[in-house]
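Please prepare a briefing on the structure shown below, covering folds, surface patches, backbone features and salt bridges.

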Amino acid sequence: MKSFKISFAVCMQNLRKWTGDYKVLLVFVFLLIVNHYHASWFLDFSAGLGSKTGVAPWIFVFAFTGWDFVKIMMLLPLLMLFSNAPFIDDNQPFLISRCTRKSWCFGQILYIIFGSAVYVLISAFSSVLMLLGNIDFNTDWGGVINTAAKVAGTEGAVATGVSNKIVYYFSPFTAMFYTMLLLWFACIFIGLVIYVVNSITGSTGYGVFAGGVLIIFDFIQNMMRSSKLGLDWLSYFSPVSWSSIDLIDITGKRVTPDITFVFCGYAVLIIGLSVLALRISKKQEIKVVQDV
Amino acid sequence: MKIEKNHSISRGLIGTNVKQIVMSKNFYTAIILAVLILLFTFCSKKFSGEQWEISCYGVCHDFFYLFYFGMMPKLIVLISALPVVTGFCKDWNTGYIRLAAGRAGVSKYMRHKVYACIAGTFITAFIALSIFTLLLRIIMPMTTEAGIANLEFLYPFGGMVEQYPYVYQFMRIICFSSFCTVWSVLGLALSAYIPNRYVVCASSFVIYYVMEQIFNNKVADYVPTWLSIPYLGITTLTTPLFGNVLLDFLYINVLFVGLALAAGTIFVHGAKRRMRNEII
């Protein structure tokens, strides 16, 4: 329990550093821009329909289901946020000398978990923020999203990922819950990959590169899936893609991963990477990296 | 003798700056990244069978569509600025600026940073877009009759597509590369006030996005065509500019280089203040 408290203190100290960090500020500016770009399609579509009620605040779900750059651009700031993993700044050597390596490393993993949660919450919140003045406060999908789903396949609707499948099978709350939960897992996974790769290589570049490759692979997988080339099985090997609820198999055909596979897959990957990070930290060289 | 020495220092500074850019791996990474992003977007649109029938329209048409929609121009602006925009920031944070500016003089050092930023951004964008055009050219013709018939937003160079498709493409690439330099130098100007690598890298993208939104939503209706900077940058106008292709081409490039130099003066002013410890 004492060890956990120390780890939690390490994690919270890292989170408190966000307030004076330009990089973190920029990450959230990026998120606002991407959400604005995404929301603007819905607002234009709504204006085109002549809708006076506005757009229901659930568009965040569709940011991760289209093939456009929105998903990539939502995840790229995350690479920036965790780019300096294992987060060894001037202050960390003093911290490590006051707590054990294991507690310190576990604290950094906790930081990735909490940092990812904050990232997801702010992403979701900013998607609602971008609709301010045009929100249709509705527990249903609302007229605009329903219409967009009906015309899915036509110009733009594909780009924003408004699919019939999501609107038909999920209620807005369920869709939001699963999207945020799965995105959280994906963010933790990417953060841990950056952490482990950076710790092994002793640099900050390779981890970001590895994270970037995972995100690009999701994009390629998505592209292949929409090309109808019969390469849907690629989605089993792309953990970042599992964060799109559009991909999850709910019909039982098993062409794409089902929800059990996704949860088990994320659990295995996150626990596996955390154990690996803890093992590496035992012999890790403490090299202070100036993050400016 | 003194003039000769000044020239020699200038040449040295320009040479050092150009070497810093061309020899850095960031330069090549940026070019590869830009080409890959262009190719990915192109392939995703082709595979998804969205709104365009690519194979029958040609390079000029598809290049136009990639640039007219969405995030593409912003991403190219961001990527082309990456190898150069952090130049001042690196020099300041490593302390190299004391040696370089001390030897060459503060004003000269600052001016050459602006020139290097303009040249570096232009070269990066130009090479990336040219490679992409050549790659597209391998799989499709420059233009087709269907492509010409479907080319909307024709002005200012659209009239050349039919007879001189290569010149048309070359002009568009040059105009867009000049356009990229404006945002890159604005990023450099910001680096004089906030010498943070991340802020500086992202600033060109953020400034461009915000300015474009303000322009589209608030200003566009009140501004004449010859000042519609976002549309001049991607050379997609709905009305003619001056009616002469060469004049239009010169005007667009002079405008962008002028704007880049204006942003450069902001940088020089800010960097001088920083050197005098007036900005903390």
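The briefing below starts with conventions and then goes through the two chains by topic.

This is a predicted model, in which local features need pLDDT of at least 70 and side-chain atom pairs count only at pLDDT 80 or more, while totals for chains, interfaces and linings use all residues. Residues are numbered from 1 along each chain as its sequence is written, chains are lettered from A and ligands numbered from 1 in the order in which they are written, and side-chain values use heavy atoms, with hydrogens and water left out.

**Overall build of chain B**

- Chain B has twelve helices and zero strands, where helices (H or I, at least four residues) and strands (E, at least two) are DSSP runs numbered from the N terminus.
- Read from the N terminus, the elements of chain B run α-α-α-α-α-α-α-α-α-α-α-α.
- Of the 280 residues in chain B, 54% count as buried; buried means under 20% relative accessible area, exposed means over 50%, and partly exposed lies in between, with a 1.4 Å probe and protein chains only.
- Among contacts in chain B with a separation of 6 or more, 78% come from residues 24 or more positions apart, a contact being heavy atoms within 4.5 Å.

**Surface patches on chain A**

- Patches are made of residues with over 30% relative accessible area and no salt bridge, like charges being joined within 9 Å and nonpolar side chains (Val, Leu, Ile, Met, Phe, Trp, Tyr) within 5 Å.
- Met1(A), Phe4(A), Phe8(A), Phe106(A) and Phe114(A) make a nonpolar surface patch of about 500 Å². The elements that give two or more residues to this nonpolar patch are α1 (2-16) and α5 (101-129) of chain A.
- Within this group, Phe114(A) belongs to helix α5 of chain A and counts as partly exposed because its relative accessibility is 33%.
- A patch of positive charge on the surface gathers Lys102(A), Arg279(A), Lys282(A) and Lys283(A). For charge, Lys and Arg count as positive and Asp and Glu as negative, whereas His and the chain ends are not counted; the place of a charge is taken as NZ of Lys, CZ of Arg, CG of Asp or CD of Glu.
- Lys282(A) is placed in helix α11 (residues 259-282) of chain A, and at 62% relative accessibility Lys282(A) counts as exposed.
- Ser281(A) is also placed in helix α11 of chain A, but Ser281(A) is buried, with a relative accessible area of 1%. Leaving aside neighbours within four places in sequence, Ser281(A) is in contact with Arg101(A) and Cys105(A).

- The peptide bond from Ala85(A) to Pro86(A) is cis, with omega near 5°, and Pro86(A) lies in the loop between α3 (70-81) and α4 (92-98) of chain A.
- Phe87(A) lies in the loop between α3 and α4 of chain A, and its phi is near 60°, a positive value in a residue other than glycine. Phe87(A) is buried, with a relative accessible area of 5%.

**Salt bridges**

- Over all chains the count comes to four salt bridges, each being a side-chain nitrogen of Lys or Arg within 4 Å of a carboxyl oxygen of Asp or Glu.
- The side chains of Lys17(A) and Asp89(A) form a salt bridge at 2.8 Å, N to O. Lys17(A) lies in the loop between α1 and α2 (22-49) of chain A and Asp89(A) in the loop between α3 and α4 of chain A, so this pair ties together parts that are 72 residues apart in sequence. Lys17(A) is partly exposed at 29% relative accessible area, and Asp89(A) counts as partly exposed at 25% relative accessibility.
- In chain B, the side chains of Glu212(B) and Lys74(B) meet in a salt bridge of 2.9 Å, N to O. The pair links distant parts of the chain, with Glu212(B) in helix α10 (residues 197-219) and Lys74(B) in helix α4 (residues 72-85) of chain B, 138 residues apart. Both Glu212(B) and Lys74(B) are buried.
- Asp91(B) and Lys113(B) form a salt bridge through their side chains at 3.2 Å, N to O. Asp91(B) lies in helix α5 of chain B and Lys113(B) in helix α7 (residues 106-139) of chain B, so the pair ties together parts that are 22 residues apart in sequence.

**Surroundings of Asp91(B)**

- Asp91(B), found in helix α5 (residues 87-94) of chain B, counts as buried at 4% relative accessibility.
- Apart from neighbours within four places in sequence, Asp91(B) is in contact with Gln20(B), Tyr96(B), Ile97(B), Tyr109(B) and Lys113(B).

Methods: Accessible areas come from the Shrake-Rupley method with a 1.4 Å probe; for residues, only the protein chains shown count as cover.
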